[in-house]
Amino acid sequence: MIATGELPKPDLVAFADTGWEWPETYDYTERFVRPLLAKLKIPFEVVKGSGKEKDTLYDYLYHYKEIPLAFDRKCTKMFKVRPLEKLFKAMGIATQWIGFSFDEQGRAVRARPSSIKKVFPLIEL
């Protein structure tokens, strides 16, 4: 949508890598996302963990003998939300676009309050 002009060009695209994403996610990122962003001259950053925990979500869960619980969202906070917020604050970014699809509106409603404004372009268009 950015490439076609439907959305303005962002300052940055960031990917929160838990180290335990689907192989297809990594493949898609390398084959399509990175080349398109390079063509559009949009920086791409990868963030991982909070820096205080084990390197990957799997390592963390194994080490602490935890099972991820969807309603708890602890893993999401530690391995996605906090690392992204840390990056955005360090770069002075005040608005975060989140790519939830139209059928994920419930996830958008549950987005936690933050000093960084959350925008959901795929839902709000």
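Predicted model: local features only at pLDDT ≥ 70, side-chain atom pairs only at ≥ 80, totals over all residues.
Q: At which residue does H1 bend?
A: H1 has 18 residues, and its first and last C-alpha lie 25 Å apart, close to the 26 Å expected at 1.5 Å a residue. The helix also has a bend of about 40°, and the residue at that bend is Thr29.

Q: What is the handedness of the β-α-β crossover from S1 to S2?
A: S1 and strand S2 (residues 44-47) run parallel and are joined by four bridges. Between these two strands the chain passes through H1. This crossover is right-handed.

Q: Which residue in S2 is the bridge partner of Ala16?
A: Let's follow the pairing of S1 with S2, two strands that run parallel. Val13 stands opposite Phe44 in S2. For Ala16, the partner in S2 is Val47.

Q: What is the volume of the largest pocket?
A: Picture the site from its lining, where strand S1 (13-16), helix H1 (23-40), helix H3 (74-91), strand S3 (95-97) and helix H5 (121-124) each give two or more residues. Of the 49 lining residues, the closest to the centre are Ala14, Trp97, Ile98, Gly99 and Phe100. The volume of this pocket is about 1,900 Å³.

Q: Which element gives the most residues to the lining of the second largest pocket?
A: This pocket holds about 270 Å³ of space. Its lining has 16 residues, and Leu57, Pro68, Leu69, Cys75 and Thr76 are the closest to its centre. Helix H2 (57-64) and H3 are the elements that give two or more residues. The one that gives the most, with four residues, is H3.

Q: How many charged residues are in the lining of the second largest pocket?
A: Sorting this lining by class gives eight nonpolar and two polar residues. The charged residues number six.

Key. Residues numbered from 1 in each chain as written. Heavy atoms only, no water. 1 Å grid on protein atoms, 1.4 Å probe; cavity = no way out; pocket = protein on both sides within 12 Å on 5 of 7 lines; lining within 4 Å. Points joined across faces, edges and corners; volume = space filled by probe spheres on them. Nonpolar A, V, L, I, M, F, W, Y, C, P; charged D, E, K, R; others polar. Pairing = 2+ DSSP bridges. Right-handed = clockwise from strand over helix to strand, strands pointing away. Expected span 1.5 Å × (residues − 1). Bend = angle between axes of the 7 residues up to and from the residue.
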